[in-house]
Amino acid sequence: MLENDQQAALAAAINRLVDVLERLEPLLEKLPQLEADFVNKYQAAPLLDVHPKTLDTYRKEWIEGIHWIKVGGKVLYNQQLLKDWRINRHDARAHQRAIEYWASQQPGNKSRRRS
């Protein structure tokens, strides 16, 4: 039988684990879409006709969470917005509209209809 201190510590650890799992659930639901929208540097570089290492330089101009994300230490690039950035690189307003449109299409940002 566990002592009271051990039971309390175990209960706290279980509660923390449940909290983490609850925060991961929405991310896991988005994973299939993430895989479709984001690509690694070897897939992203040809979209811009650059060397994969050049993406490190461009990433300084881009917005983390929009143009690129970090997943487990690996950087993934939003292929849709990179294509738009290539076309509208010198037209910030046009590219901003593409960012806003992309963001509005994400599952967490869609408005829900009330029935």
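Student: Let's start with β1 and β3. How many bridges do they pair over, and is the sense parallel or antiparallel?
Tutor: β1 and β3 pair over two bridges, in the antiparallel sense. Keep in mind that this is a predicted model.

Student: Which residue in β3 is the bridge partner of F38?
Tutor: F38 has N78 as its bridge partner in β3.

Student: What about β2 and β3, how many bridges there?
Tutor: Four bridges join β2, residues 68-71, to β3, residues 74-78. Those two strands also run antiparallel.

Student: Which residue other than glycine has a positive phi?
Tutor: D49 has one, with phi near 60°. D49 is in the loop between α2 and α3.

Student: Is D49 buried or exposed?
Tutor: D49 counts as exposed, because its relative accessibility is 62% and the cut-off for exposed is over 50%.

Student: Back to the sheet. What's the strand order?
Tutor: The order is β1-β3-β2, in an open sheet with antiparallel pairing. The edge strands are β1, residues 38-39, and β2. Each of them pairs on one side only.

Student: And the whole chain, how many helices and strands?
Tutor: The protein chain has five helices and three strands. From the N terminus, the elements run α-β-α-α-β-β-α-α.

Student: How much of the chain counts as buried?
Tutor: Of its 115 residues, 25% count as buried. The accessible surface comes to about 9000 Å². Carbon and sulfur atoms account for 52% of that surface.

Student: Which residues make up the largest nonpolar core?
Tutor: Twelve residues make up that core. They are V39, A44, A45, L48, L55, Y58, W62, W68, V75, Y77, L82 and W85. The elements giving two or more residues to this core are α2, α3, β3 and α4. The largest share, three residues, comes from α2.

Student: Pick L55. What does L55 touch?
Tutor: Leaving out residues up to four places away in sequence, L55 touches K41, A44, A45, L48, V50, W62 and Y77.

Student: Now H95. Where does H95 lie, and is H95 buried or exposed?
Tutor: H95 lies in helix α5, residues 92-104. H95 is buried, because its relative accessible area is 7% and buried means under 20%.

Student: What is H95 in contact with?
Tutor: Neighbours within four places in sequence aside, H95 is in contact with H67, L81, D84, W85 and N88. W85 also belongs to the largest nonpolar core.

Student: Switching to charges. How many salt bridges are there in the whole structure?
Tutor: A search finds two salt bridges. In one, the side chains of R59 and D56 meet at 3.2 Å, N to O. D56 is partly exposed, with a relative accessible area of 38%.

Student: And the salt bridge of R89, which residue does R89 meet?
Tutor: R89 meets E61 at 3.9 Å, N to O. R89 lies in the loop between α4 and α5, and E61 in the loop between α3 and β2, so the pair ties together parts that are 28 residues apart in sequence. R89 counts as partly exposed, at 36% relative accessibility.

Student: Which residues form the nonpolar patch on the surface?
Tutor: L17, V20, L21 and L24 form that patch. Together they have about 340 Å² of accessible area. V20 lies in helix α1, residues 4-37. At 36% relative accessibility, V20 counts as partly exposed.

Student: Last one, L47. Where is L47, and what does L47 touch?
Tutor: L47 is in helix α2, residues 41-48. Residues up to four places away in sequence aside, L47 touches Q79, K83 and R86.

Student: How far apart are L47 and Q79?
Tutor: L47 and Q79 are 32 residues apart in sequence. In space they are 7.5 Å apart, C-alpha to C-alpha.

Student: What share of the contacts join residues at least 24 apart?
Tutor: The share is 51%, among contacts between residues at least 6 apart in sequence.

Definitions and conventions:
Residues numbered from 1 in each chain as written. Predicted model: local features only at pLDDT ≥ 70, side-chain atom pairs only at ≥ 80, totals over all residues. Heavy atoms only, no water. Contact = heavy atoms within 4.5 Å. Buried < 20%, exposed > 50% of the residue type's maximum accessible area, 1.4 Å probe, protein only. Patch = residues over 30% accessible without salt bridge, like charges linked within 9 Å, V, L, I, M, F, W, Y side chains within 5 Å. Areas by Shrake-Rupley, 256 points an atom, 1.4 Å probe, with all protein chains shown as cover. Salt bridge = Lys/Arg side-chain N within 4 Å of Asp/Glu carboxyl O. Pairing = 2+ DSSP bridges. Core = buried A, V, L, I, M, F, W, Y, C linked by side-chain atoms within 4.5 Å.
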